[in-house]
Structure formats: structure tokens, C-alpha cells
Amino acid sequence: MRSLYCWLFFFAAAFLAGCADINYHGETAAPTENVQFYYNRNDLPKNVYRVMGESVVTVDDNPFINLSDTVQQEIKRKAEAVGADAVVVGQLERGGSSEHKCTEQCGCHAHSKNPNQITVSATFMKRQTENRVIGTK
């Protein structure tokens with residue numbers, strides 16, 4: 001009976017965790033820790049960071065989990081892995097990303113949004129070194 005409860009707990013935890021997918025396009029560097037989060041590009045300190053890449057996080061909408069925590073954890077995990085020092089988090093968009101419903105060659109442009117997903121864009125930033133300051137040679 002105890003093992004049944006363990007299995008039920010495992011499946012419940014897996015269900016509540018939801019499914020998150022992060023796509024990142026950009027450069028990579030040595031892994032980092034203590035990634036700084038910004039929610040407005042204007043809050044970034046001047047001449048401290050440069051853009052190293054962009055990402056989009058897609059999360060299944062689940063009323064039983066805290067979506068902002070899930071998204072932030074996924075972004076933080078990816079940012080540390082690719083060597084980012086800071087992240088500028090974009091707006092949360094309900095409806096997920098567009099999915100093409102037929103082959104790319106068909107030309108029908110039948111795109112739709114998945115209403116059960118949430119997407120968030122994020123810009124990954126790297127601390128500039130003295131010889132790579134924007135605006136200098």
C-alpha cells in the first residue's frame with residue numbers, strides 16, 4: 001500500500017510540474033551562477049552588459065503551479081548553462097507559440113495558437129570586458 005502512495009505522489013508531482021520547453025539562439029560561454037534578472041531593458045546598468053542571445057520559454061498552462069516561478073527557473077537554468085550574467089525577461093503571452101498545422105510546402109499559412117500554453121521571451125546578457133565595450137574599437 002505504501003508503494004501505491006509513492007507512485008501516486010510521483011505522478012501527481014509530475015503532473016503539477018507541467019511541461020516547459022526553452023529554445024535558445026545565441027553564443028555560449030563558460031557556465032555561470034547568480035544570474036541577474038531584469039524585467040525592463042531600461043533598468044540595465046549602462047555599458048555593463050551586451051546581448052549574447054535570445055530565448056523563448058513555452059510552458060503548459062496549469063492552474064496548480066506558479067507559472068512565473070516555473071518560467072524563471074527554466075530561464076535561470078538555461079542562462080547559467082550558456083554562461084549568461086543577466087537576463088531581461090519579456091512579457092508573458094497566453095496562447096503559446098504559433099504551430100503550423102500542415103506541411104511547410106503547402107503554402108496555406110494555416111497557423112494557430114495553442115490556448116493551453118504560455119510563452120515568455122528573454123534576452124540573455126553577458127557582462128562586457130574592457131576590450132569589448134559597446135561603442136569603442
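Let's begin with charges: this is a predicted model, and it holds four salt bridges. I'll take you through some of them. As a reminder, side chains of opposite charge can pair when their charged atoms come close.

Take Arg77 and Glu74, whose side chains meet in a salt bridge with an N to O distance of 2.6 Å. Where do these two residues sit along the chain? Both belong to helix H2, which covers residues 67-82, and because they are three residues apart there, about one helical turn separates them. Glu74 has a relative accessibility of 19%, so with the cut-off for buried at under 20%, Glu74 counts as buried.

Glu80 forms a salt bridge with Lys76, and the closest N and O atoms are 2.6 Å apart. These two are four residues apart in H2, again about one turn of the helix. Is Glu80 buried or exposed? Glu80 is buried, at 18% relative accessible area, while Lys76 is partly exposed at 33%.

The next pair takes us off the helix. Asp85 and Lys126 meet through their side chains in a salt bridge, at 3.6 Å from N to O.

You'll find Arg50 in strand E3, and at 13% relative accessibility Arg50 is buried. Which side chain does Arg50 reach in a polar contact? The partner is Glu27, and the contact is 3.1 Å.

Five strands make an open sheet in the order E1-E3-E7-E4-E2, and the pairing is mixed. E1 and E2 are the edge strands: each has a single partner strand, so one side of each has no neighbour in the sheet. From one strand to the next, the twist averages 25°.

If you want to follow the pairing by eye, start with E1 and E3. They run antiparallel and are joined by seven bridges. Ile22 stands opposite Val57 in E3, and Asn23 has Val56 in E3 as its bridge partner. Then move on to E3 and E7, also antiparallel, with 11 bridges between them. There, Gly53 stands opposite Phe124 in E7.

Hold on to Phe124, please, as we turn to the nonpolar residues. In soluble globular proteins, nonpolar side chains tend to be buried together. Here, the largest nonpolar core has 17 residues, and the ones with the most contacts inside it are Ile75, Val87 and Phe124.

Leaving out residues up to four places away in sequence, Ile75 touches Ile22, Phe37, Val57, Val87, Val89, Val120, Ala122 and Phe124.

One last stop, and it's about the backbone. Most residues other than glycine have a negative phi, and most peptide bonds are trans. Asn34 has a positive phi of about 60°, and it is not a glycine. Asn47 also has a positive phi, near 55°.

Where do those two asparagines sit? Asn34 is in the loop between strand E1 (20-26) and strand E2 (36-38), and Asn47 is in the loop between E2 and strand E3 (49-60). Are they buried or exposed? With the cut-off for exposed at over 50%, Asn34 counts as exposed at 62% relative accessible area, and Asn47 counts as exposed too, at 56%.

That's my tour, and I'm happy to go back to any of these spots.

Definitions and conventions. Residues are numbered from 1 along each chain as its sequence is written. This is a predicted model: local features need pLDDT of at least 70, side-chain atom pairs count only at pLDDT 80 or more; totals for chains, interfaces and linings use all residues. Side-chain values use heavy atoms; hydrogens and water are left out. Buried means under 20% relative accessible area, exposed over 50%, partly exposed in between (1.4 Å probe, protein chains only). A polar contact is a pair of N or O atoms within 3.5 Å; within protein, one must be able to donate a hydrogen and the other to accept it, and residues adjacent in sequence count only if both atoms are side-chain atoms. Two strands pair if DSSP finds at least two bridges between them. Axes are lines fitted to C-alpha atoms, for helices over the stretch in contact, and angles run from 0 to 180 degrees between N-to-C directions. A nonpolar core is a set of buried Ala, Val, Leu, Ile, Met, Phe, Trp, Tyr and Cys residues joined through side-chain atoms within 4.5 Å. Contact means heavy atoms within 4.5 Å.
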